[in-house]
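Please look over the model below before reading on.

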Amino acid sequence: MKRIAVIGGGISGLTAAFTLEEHRRAGAHLEYLLYESSPRLGGVLRTDKIDGCVVEAGPDSFITEKPWAADLCRTLGLGDQLIGSNDVDRKTYILVRGRLVPLPDGLMFMVPTKILPTALSPLFSWKTKLRMARELFIRPNWPADESVASLIERHYGLEVVDRLADPLLSGIYGGEARSLSAPAVMPRLVEMERRHGSLGRAMLAARKSKKISQAQTQPTPPLFTSLKDGMQTLADALVSRLSPSSLLTNAFALAITRDGEKWLVSSTSQQDQFDAVILAVPTHAAANVLSTCSPELSAELSAILYSSSITVGLGYGRDVRQLLPSGFGFLVPRSEGRRILAATFVHNKFPYRAPEDRALLRCFIASARAEEVWQLADDEIVRLVRRELQEILGIHAEPLFARVYKWKAAMAQYGVGHLERLDRIEHLRRQLPGLALAGNGYRGIGVPDCVRSGSKAATQVLTFLDLIRTEKPNLDN
């Protein structure tokens, strides 16, 4: 009987444990034990039901284009829970000099593909619009690893970095475009530049190809997918499929060390021996437990930075719902000097999120802005968020409810050189037989990426232990 430790009970760790459980039920001679340092499982997947509203503490959805989370939901019997975003009403605003300006039609991955909407948009100056026109004649380029800001600035200038690239990435990574690696964060744009030179020409070609493909197959899928009863539904379904005796909460992993050909896991609750270990925790936590076993790997893992975030959910009545503009919400450039980085009109973005007489808003603060207010009490954070919403949207009403959720060092920042660091990490990991790594610190920060990462890590240890013959994880297609 082979024994496997899974350290971390977020979506990556739960997916890894579920993959092991599926193989155990299919006849593999294994047992596993999952360690979670907090009292609850599911990590950032947490949903509260308040006054008829579905309030997400962490991610509210995932990108439909990445299939692994939706595939897992269907495997778990949650196919009827999957809901798509209301893309017919999709409109996003950018705050410019205190005024909400809609993103022009035709923007794809920050790249303008329609001349007239871009030319008529007040979002960009005429100088920037002329630069967008000249961008169509840029030749193919093979630059070294660079930041997203550097890539976008070379093509479109600083204004597009400030008003578009930085706000969009802040809403996803909670970081800054000047710090994030273009190949790690936006590999599609990097490949387009290498093949076409002009990002605009590349996007036009991609859009034409996509239209032909869709005409031959199906309608366009929604941009985002969520679950009818909230994202925590996914975590709860995973937990329900695992053996309760295999789950340890309030069990903080202190260290993992080699013990001959075995692994020794020392936690606040016990010390135990295993044949393999899956580390499904943030890289800074993985670095801590590996510091004795492999100082070199620990150092590489600790070099991956993380940012903190604060999510504020606010519920209002019918009057505020009627006051708000259409669309999904707005993004705030750093040059505006606000605390809020983004706000989502949740009742517009997804069905089943709020009654018809309720408005549900979700405000996001991250990175340095989150650290500046981290020590404030929840009611103080709510007050500053309400003040900014009043100035931006004209909301004077008292909220029917307000909830503040803080996530310390939870969002990985893929800095310049990230992909090269991952190569070094993989080289060092292979020197530690039976160790696998999973989580949002490696090759994707979203829920589908974490699902894929957890499934792949489980398959790696199953293969190492000769419990399966090939490395083809169920969710890694």
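What follows is a walk from the whole chain to its parts.

This is a predicted model, in which local features need pLDDT of at least 70 and side-chain atom pairs count only at pLDDT 80 or more, while totals for chains, interfaces and linings use all residues. Residues are numbered from 1 along each chain as its sequence is written, and side-chain values use heavy atoms, with hydrogens and water left out.

Two helix pairs can be taken next. Helix α2 (residues 68-75) packs against helix α18 (residues 447-464) at an angle of about 70°, and their axes are 7 Å apart. Axes are lines fitted to C-alpha atoms, for helices over the stretch in contact, and angles run from 0 to 180 degrees between N-to-C directions. The two helices, α2 and α18, are therefore roughly perpendicular to each other; angles under 35 degrees count as roughly parallel, over 145 as roughly antiparallel, 65 to 115 as roughly perpendicular and the rest as oblique. On the α2 side, W68, A69 and L72 meet V447, P448, D449, V451 and R452 of α18, where contact means heavy atoms within 4.5 Å. By class, six nonpolar, no polar and two charged residues make up this contact of α2 with α18. Here Ala, Val, Leu, Ile, Met, Phe, Trp, Tyr, Cys and Pro count as nonpolar, Asp, Glu, Lys and Arg as charged, and the others, Gly among them, as polar.

The other pair is α4 and helix α5 (residues 148-156), which pack at an angle of about 90° with axes 8 Å apart. That makes α4 roughly perpendicular to α5. T128, R131, M132 and E135 in α4 meet E153, R154, H155 and Y156 in α5. This contact of α4 with α5 has two nonpolar, two polar and four charged residues.

The largest share of the lining of the second largest pocket, six residues, comes from α4.

On a 1 Å grid over the protein atoms alone, a pocket is an open set of points with protein on both sides within 12 Å along at least five of seven lines, a cavity is a set where a 1.4 Å probe fits but cannot get out, and lining residues have an atom within 4 Å of a point. Grid points are joined across faces, edges and corners, and a volume is the space filled by probe spheres set on the points.

A search of the whole structure finds two cavities of 30 Å³ or more. The largest cavity has a volume of about 70 Å³, and its lining has five nonpolar, one polar and four charged residues. The second largest cavity has a volume of about 40 Å³.

Note on methods: Helix = DSSP H or I, 4+ residues; strand = E, 2+ residues; numbered from the N terminus.
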